[in-house]
Amino acid sequence: MIARMSDTDDATSDSSDTPTLRERRIAAWRAAPRVLARLGFLAPLRERLALLEAAGGVYDLDETSDIYGGGVVEALEKRVAGLLGTEAAAFFPTGTMAQQVALRCWAGRTGTPAVALHPLSHPEVYERNAFSQVSGLRPVRMTNEPRLPTATEVRDFEEPFGALMLELPLRDAGFVLPTWEELTEVVDAARERDAVVHFDGARLWECTEHFGRPLAEIAGLADSVYVSFYKSLDAFGGAALAGPSSLIEEARAWRHRYGGNVFQQFPTALSALIGLERELPRLPSYVRHASVVAAALREGLEAGGLPWFRVHPEVPHTYDFQVWLPYDADVVAEVAIRAAEETGTVLFANHWDPKGPGLSFTEVYVRSAGLEWTAEDVRAAAVEFARRLLRA
């Protein structure tokens, strides 16, 4: 999920009258004239509701509303299937549910509950062991390296598995992707073992620039694909599972059993259709500009005098990337927030995660607001931040 900014692990204050770091960070981000990304989920409710003013441009609002699917939800499902080149797609309220259902269905077909995945993948990090506790699946970890598994690792893995799950991009490793050749080789290696391939494509929408391939060609490598509507497209929520018609029909039955057959979903479905219309065509430009931002950020931090830092990947694979600094998380967070409050320019809008003694990292997001920043703008903001941090 993209929502590290909404995490609640910032230090809380001793007095309820004193704002927390998170509250200060969000307040500074909302008030700042210059930010690299305006993330909808942190906007005021009035602003979020205003998104639906464009609904009439993506769907006939005189049509009957959805009831347990159909209507605008069915229109969204068909749109997703068309974009991904699959036979069918099913709407899900969450990606967690969509992926559990997909892999449960595949386990029934392959005859094994073992799912090979990366230990940094979403189910392993964020879902409280849902695969094993809820769905009867058995995750097996293929590599501990901060990258997707290689074809050799897939081919030589020491135990059988029925499905290989690949998160594209692998968010917690730095939003990293393999090359197109590496990805096709990994898929071929899984096929050699008679395993199915499932893409955790929550951010698959963002991958076309890196791979140099259209969405349908990327999705066509896998047996099934999950995509999110809020992480890239700024919708209210929701997800879709896409794949063969027989799989999707079974997935609809399991969606009902899991409590995901919601009575009406038209606000979320409309916001997803708006995202597909508005945001999807813009994503490649965000990816290209993220490379400009990352390079200028490195130059600015160095010019500002920081003796050590890392921008990872050096050339972002999508429009999100990590920045690592040799400081305690609370120290660098305070400097970043104070800089935003005092300058009205937000370079680091996200919270900082501690990763060891005197080491922390944050995620940097580049969206439409970031396109207004030149390389010199980024360098200047990075120099200012570095000098403030050195004085802290």
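Predicted model: local features only at pLDDT ≥ 70, side-chain atom pairs only at ≥ 80, totals over all residues.
Biologist: What makes α14 oblique to α15?

Modeller: Helix α14 (residues 329-343) and helix α15 (residues 375-391) have axes that cross at roughly 130 degrees and come within 10 Å. Angles here run from 0 to 180 degrees between N-to-C directions, with axes fitted to C-alpha atoms over the stretch in contact. Under 35 degrees is roughly parallel, over 145 roughly antiparallel, 65 to 115 roughly perpendicular, and the rest oblique, so α14 is oblique to α15.

Biologist: Which residues of α14 and α15 make the contact?

Modeller: On α14 they include Val331, Val335 and Glu342, and on α15 they are Phe385, Arg388 and Leu389. Contact here means heavy atoms within 4.5 Å. By class, there are seven nonpolar, one polar and three charged residues. Ala, Val, Leu, Ile, Met, Phe, Trp, Tyr, Cys and Pro count as nonpolar, Asp, Glu, Lys and Arg as charged, and the others, Gly among them, as polar.

Biologist: How do α3 and α12 pack?

Modeller: Helix α3 (residues 71-84) packs on helix α12 (residues 266-278) at about 35 degrees, and their axes are 9 Å apart. The crossing in which α3 passes α12 is left-handed. Among the residues in contact are Val72, Leu76 and Arg79 of α3, plus Phe266, Leu270 and Glu277 of α12. This contact has 10 nonpolar, no polar and two charged residues.

Biologist: What kind of peptide bond joins His312 and Pro313?

Modeller: A cis one, with omega about -10 degrees. Leu168 and Pro169 are also joined by a cis peptide bond, again with omega about -10 degrees. Most peptide bonds are trans, and most residues other than glycine have a negative phi.

Biologist: What is the phi of Asp194, and why is Asp194 called exposed?

Modeller: Asp194 has a positive phi of about 60 degrees, though it is not a glycine. Its relative accessible area is 67%, so Asp194 is exposed. Asp234, also not a glycine, has a positive phi of about 65 degrees. With a relative accessible area of 28%, Asp234 is partly exposed.

Biologist: How do you know that the side chain of Asp353 makes a polar contact?

Modeller: The partner is the side chain of His351, at 3.0 Å. A polar contact is a pair of N or O atoms within 3.5 Å; within protein, one must be able to donate a hydrogen and the other to accept it, and residues adjacent in sequence count only if both atoms are side-chain atoms. Asp353 sits in strand β12 (residues 353-356), and at 11% relative accessible area it is buried. Helices (H or I, at least four residues) and strands (E, at least two) are DSSP runs, numbered from the N terminus.

Notes:
Residues numbered from 1 in each chain as written. Heavy atoms only, no water. Left-handed = near helix turned anticlockwise from the far one by under 90°. Buried < 20%, exposed > 50% of the residue type's maximum accessible area, 1.4 Å probe, protein only.
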